[in-house]
Amino acid sequence: MKIYLDPGHGGNDPGAQGNGLNEKDVTLDIALKLRSILVNQFENVSVKMSRESDITKSLGARTSEANAWGADFYLSIHINSAGASAQGYEDYIYNGLSRSSRTAQIQGIIHAEVMKVNELIDRGTRQANYHVLRESNMEAVLTENGFISNAHDSALMKQDAWRQKVAQGHANGLAAAFNLVRKYKPAPVPQPAPAPTPAPAPQPVPVPSTPVSGTLFKVYSGSFKSRENADERVAKLRSMGFDAFVDITNISGGTWYRVQIGAFANRENAEQRLKVVQIAGFNDSFIIIEGGGVTATSPTGGTSSTPDNSGASDSNSSGNAPSPEVGSSTGSVTNEGSEAAPSGTTDPNNGTALGGDSETSSGSETVIETPIAPVQDSTINSIFGPTFLSPEHMNRFVKNVNPSAPNLGSLYLKYGEYYGIRGDVAFAQAVHETNFFRFTGVVKPGQDNFAGIGATGPNNPGASFQTPEEGVIAHLQHLFAYATTNPLPNQFPLVDPRFHLVSRGSAPTWTSLNGKWAVPGTTYGQSVLNLYKRMVNFSIKNLDSIQKEIQY
C-alpha cells in the first residue's frame, strides 16, 4: 500500500493564519505524526510526503509526484479558516465523483474515525473541485481539521497531544478503509486486582525432622541490642519493598536482633541483594554464611537456619532507621565481631578480622572475613532483576519535578515483574528519556512512547502506542530484546515495533546499552542508574519526613 501524504501549504505559502498559528505548521506536524504511525504500526505500508519540512511546493508538483510514484491513495491535510464563529471538521472528495463511488466510501470511513478523536463539531462530508482531488490519478481525500480562526479549534491545534490524536484518527481511517494489517495487537486492558487478604499473624516455624545439608548465604541489614530498633528497621525496609524480618541470635551470652532480608543458596544472588540494600542507604548491611544444619521457611518468606526466628517481630511500626547500639559494619560483609557488642562484652573474634581467605566458625555459622569485591554486572546494573521501589515512590519522585506527570509506577512494577526486568530502573530510564514525562524532545505526550522507540530526529518522532499501558509494555519488550536471546513470554502480544531489529542479547546490563539505545550515548546507562539512585534517595527522605510526623 503506497500512501502519499500532502501537508497543505508550506514555505512562502503559510496557508490560513489566526490565533498565533500558521496552517502550514499544523498540517506538517500532523502529517509527520501520521507517517510515523503508518510506518511503525502497519505491515506493507510505504509513505511518501509532498514535504517533510517548511518548503514551497506547487500543487502541480505535488500531484505529479504522487502520480509518478504510483501512489494508491492521496491524502491532503489542511486547516480551515472563516469567521470567528465557524468551527468543526469536514473533508472533501472531487465533485465529479458520485456519492456511491469507492472514493466516497473511503471518505466516509476516514471521516468517522477522525471524528471519534478530534473533539470538533461534525460539519459532514463534502465535495469540491480542488486541484489535488481532480489531478491525482488515484483515490484522494482532503481533510479540513478545524478552523484556525476559531478560538476553540485553534486552542486544540496548539496542543501536541491533540495533533497526535488527529494523526491517529486518520491512521485508523486508512487502516479500516484499506484493511491494513497491524504489526501487533493492542495490549489487553488489565483487570483490577482482587483486594489483598490480610496476612495471618506469624506462627512458630516447624523444624523438619530430617536436617537438610547445604550452605546458605544470609543477608542482614543491621544487628541490634534493642528489639525496638530492629522492629523499626524492619518497618522501614518493608515500606521500601524488602521482605524483612527479625532473626534473634545469641552472641557471647547476649541476645541480638538481626534484621534478615534474604537467604540464598547462591552467593552471587546474596551479593546482589546486599548491593541493592546498600544503594538504598543501609550501609550497615552484611552477609553471613551458614553451613549445613536445619532449614525452614519463616513466616515472612525468608529462610532461617534455626527455629529461634519464630520469635521474630511482625511489627509494622515506623521510624528513623536506627543504628546499632555501639557500632556498625560498613563493609559489604562482616564477621560476628563487627556486630557491635555492648560495653564490657567480650567480642567472640576479639574485633579482629583475619587476613587472607580464612574463615572462622561460630557454631554452625561460617562467617566471611574478607570484603567481597563489588560485582559489576550481577547487581543493580543488570537489566533483569527485582523491582524494589513501590509505584507510589516512583510516582512521587517524578511528580516532585512534574506535578502533571502520569501515574505509571504500577505499570512498570506489574510488567517489569512479568518480564523479569527491574521495573523501577526502567521507570528511571523513561524519566530520563522524556525529561520527567514533560516530553521536551522529539517524542510527544500523545504517542505514549516512554522509551523513545524509533525516534531518530525531528522528522521521525518514533513509534506511537494506543494506551500508556501499551507504551510501557513496548518499553520493557525492547529492554528484553537487548538483555537476552530467550523467546519473549507470550501472555501479552508483541507491541514493540523494533523488537526484531535489536541485536538480541547484546546488552544485558544498563551500562551496556551505551551506544546502542542512544548514540553516541557513551554514558547512557550511567545516567539512568544515577537517576535511579536519586529515586532511591528521594524515597528514603520521603519516608523519613513521614516518620517525623507520626505522633505517639
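1. Phe-397 and Phe-436 are both buried in this predicted model, where buried means under 20% relative accessible area, exposed over 50% and partly exposed in between, with a 1.4 Å probe and protein chains only. Residues are numbered from 1 along each chain as its sequence is written.

2. The chain holds 16 aromatic pairs. Rings of Phe, Tyr and Trp (its six-membered ring) pair if their centres lie within 6.5 Å; planes under 30 degrees apart count as stacked, over 60 as edge-to-face and the rest as tilted. The pair of Phe-397 and Phe-436 is tilted, because the ring centres are 5.8 Å apart and the planes stand at 40°. Phe-397 belongs to helix 9 (residues 391-399) and Phe-436 to the loop between helix 11 (423-434) and helix 12 (468-483), so the pair ties together parts that are 39 residues apart in sequence.

3. A further tilted pair joins Phe-439 and Phe-450, with centres 6.4 Å apart and planes at 50°. Phe-439 and Phe-450 both lie in the loop between helix 11 and helix 12, 11 residues apart. Phe-439 counts as buried because its relative accessibility is 8%, and Phe-450 counts as buried because its value is 2%.

4. One aromatic cluster is formed by Phe-384, Tyr-415, Tyr-418, Tyr-419, Phe-480 and Phe-492.

5. Charges also sit over rings, a term that requires NZ of Lys or CZ of Arg within 6 Å of the ring centre and within 35 degrees of the ring normal. The charged end of Arg-102 lies over the ring of Phe-178, 5.7 Å from its centre, and that of Arg-258 over the ring of Tyr-220, 4.7 Å from its centre.

6. For the chain as a whole, there are 13 helices and 16 strands; these are DSSP runs numbered from the N terminus, helices being H or I of at least four residues and strands E of at least two. Of the 552 residues, 51% are buried.

7. Confidence deserves a separate comment. The mean pLDDT, the predictor's confidence in each residue from 0 to 100, is 77, and 75% of residues reach 70 or more. Over residues 195-213 the pLDDT is below 50, and pLDDT stays under 50 over residues 292-378 as well.

Note on methods: Predicted model: local features only at pLDDT ≥ 70, side-chain atom pairs only at ≥ 80, totals over all residues. Heavy atoms only, no water. Contact = heavy atoms within 4.5 Å.
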